[in-house]
Amino acid sequence: MQRLTKSLRSLPFPAGKILRTPLGVRREYSSETPEPVELNFDSYTGENPETRPPLLTYHGLFGSKQNWRGISKALVRKVSRKVYAIDVRNHGESPHSSVHNSKAMSEDLRLFMEQRSHPNAACMGHSMGGRSMMYFARKYPELVERLIVVDISPISVPRSTGEMTEIFDAMVSLDLSPSMSMSEGRKIAREKLLKATEDETVDFIMLNLRKDRDSGAFSWACNALVLRDFLTRFDKYQSNLEELPPYTGPTTFICGSRSPYMRREQWPQIQKMFPNSEIHWLEAGHLVHFEKPQEFLTIVSEFLNRTV
């Protein structure tokens, strides 16, 4: 966990619009349609000429672009591509929105590419980000040169929405006085979250706690209110995906053998959705790219360097 926390440490980056949601306060928006937002990102370039399409990365729930920092720095030394590590909507430094689903996150990615004049890109996503990238590939196959899905199935998820609702309820009901220090606030927040979930998940969520320098107000970097409201729709992901044709471009799944987020018996069904796909199993849990970084890098770089 120490390595994970170090990898996720924040970097200041001026791109994108930043909107915070104070604890327990709902922001109102004029439309429920998934209009795209401008995403915050870090970009990485290496010494190799960028002769191939860029790689765009999406992180998972409660994460941020920092999840991909170490991997991105290592990848640009191995591939002839620029790498964008992106904060998805309602996370990190990207704008908060009243809509949160794979369709909306796909529109954000389409706008991101359009603004930078990228005709296509390799796309990689972990967990929630992987589901968004799978939707994007099937919705806009002409924009996706190849696809990498990290430890997530398009068919089912193991964690019940009831358990996740408890986590979000603990987050949005947290009432911290602006007079508290950051350490005091973190202690109270951690104790409350531990009643809803286990240590490792709490440590990961706590990376989202922020304290305003001027007002002292505490807030979550992720938009906990909206994420909670959209939880029940996560279960409808497969039915939404079925409306789209299979993605026939090169695809690789990289999964943890100790993770419940991908079930081996689902693979034949998944191959019907992604007929040009392969799967790799690493001896790891859900955070495959943190637990087995070297093996992960080897698989990803070899896949990105293939000519077909």
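Let me start with a definition: axes here are lines fitted to C-alpha atoms, for helices over the stretch in contact, and angles run from 0 to 180 degrees between N-to-C directions. Helices (H or I, at least four residues) and strands (E, at least two) are DSSP runs, numbered from the N terminus.

A word on the model, everyone: it is predicted, local features need pLDDT of at least 70, side-chain atom pairs count only at pLDDT 80 or more, and totals for chains, interfaces and linings use all residues. Residues are numbered from 1 along each chain as its sequence is written, and side-chain values use heavy atoms, with hydrogens and water left out.

Now, the helix pair. Helix 6 (residues 182–193) packs on helix 7 (residues 199–206) at about 140°, the axes being 10 Å apart. In contact terms (heavy atoms within 4.5 Å), helix 6 brings Arg 186, Ala 189, Arg 190 and Leu 193 to meet residues of helix 7, among them Val 202 and Ile 205.

Next, please find His 286, in the loop between strand 10 (277–282) and helix 12 (288–291). His 286 counts as buried because its relative accessibility is 19%, where buried means under 20% relative accessible area, exposed over 50% and partly exposed in between, with a 1.4 Å probe and protein chains only. Leaving out residues up to four places away in sequence, His 286 touches His 126, Ser 127, Asp 151, Ser 259, Tyr 261 and Glu 291.

Last, the cysteines: Cys 123 is buried at 0% relative accessibility, and Cys 222 is buried at 1%.
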